[in-house]
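Here are my notes on the model, as numbered points. Please read them with the structure open.

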Amino acid sequence: MSTTSLEDLKTIAAEAGIVAQPEEIVREPKIDKYGRSYATGKRKTAVARVWIKPGHGRIMVNDKDHAEYFGRPVLQMIIKQPLVAADRKDQFDVICTVTGSGPSGQAGAVRHGIARALTYYEPGLRAVLKKGGFLTRDSRAVERKKYGRKKARRSFQFSKR
């Protein structure tokens, strides 16, 4: 019998008893003695330290309300995305400190930290947050300037004379 497809190979392996079923990973909640979960979120050069605990939906960023710290509505929406996707908007209080980068990078870092902290508090939410792309660290950062150039890739104007 010749194997022509992957399905043929799978059936042959199953008949021989070679195929082992993958074990499901059982994740335990990571909750400290104060009932909080901690995670670190990163984006560009911003780093956010995030703690979540059961509450009424308050989000504090660097000891200020999130609406006061992030003035633009788009940034406020970005940091709430993981809570909305997990349908836990008014169930958790979020306390975070964020440093580095600018407002956009800081909002992305807080969003990443909130998503990771939610998975530590409730491991069952991991699939929803992973599907939404909230657990993946956005690794895009500013490219460094090269010598002999005006910016990272921009050259000085060329003149033949």
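1. In this predicted model, helix α3 (residues 73-85) packs with helix α4 (residues 103-121) at an angle of about 10°, and their axes are 8 Å apart. Angles under 35 degrees count as roughly parallel, so α3 and α4 are described as roughly parallel to each other. Their crossing is right-handed.

2. Which residues make this contact? From α3 come L75, I78, I79, Q81, P82 and L83, and they meet P103, S104, A107, G108, V110, R111, I114, A115 and L118 of α4. By class, the contact of α3 with α4 has 11 nonpolar, 3 polar and 1 charged residues.

3. Helix α4 also lies across part of the sheet, namely β1, β2 and β5 (92-99), and runs at about 145° to β1.

4. The sheet is open and has 5 strands in the order β1-β2-β5-β3-β4, with mixed pairing. β1 and β4 (64-65) are its edge strands, each pairing on one side only.

5. Strand β1 (residues 37-43) pairs with strand β2 (residues 46-54) in the antiparallel sense over 7 bridges. T40 has R49 in β2 as its bridge partner, and K42 has V47 in β2. The hairpin of β1 and β2 has 2 residues between the strands, and K44 there takes a positive phi near 55°.

6. The two faces of β1 deserve a separate entry. S37, A39, G41 and R43 make up the covered face, while Y38, T40 and K42 make up the uncovered one. In a regular strand, side chains alternate between the two faces of the sheet.

Definitions and conventions. Residues are numbered from 1 along each chain as its sequence is written. This is a predicted model: local features need pLDDT of at least 70, side-chain atom pairs count only at pLDDT 80 or more; totals for chains, interfaces and linings use all residues. Side-chain values use heavy atoms; hydrogens and water are left out. Axes are lines fitted to C-alpha atoms, for helices over the stretch in contact, and angles run from 0 to 180 degrees between N-to-C directions. Helices (H or I, at least four residues) and strands (E, at least two) are DSSP runs, numbered from the N terminus. Angles under 35 degrees count as roughly parallel, over 145 as roughly antiparallel, 65 to 115 as roughly perpendicular and the rest as oblique. A crossing is left-handed if the near helix is turned anticlockwise from the far one by less than a right angle, and right-handed if clockwise. Contact means heavy atoms within 4.5 Å. Ala, Val, Leu, Ile, Met, Phe, Trp, Tyr, Cys and Pro count as nonpolar, Asp, Glu, Lys and Arg as charged, and the others, Gly among them, as polar. Buried means under 20% relative accessible area, exposed over 50%, partly exposed in between (1.4 Å probe, protein chains only). Two strands pair if DSSP finds at least two bridges between them.
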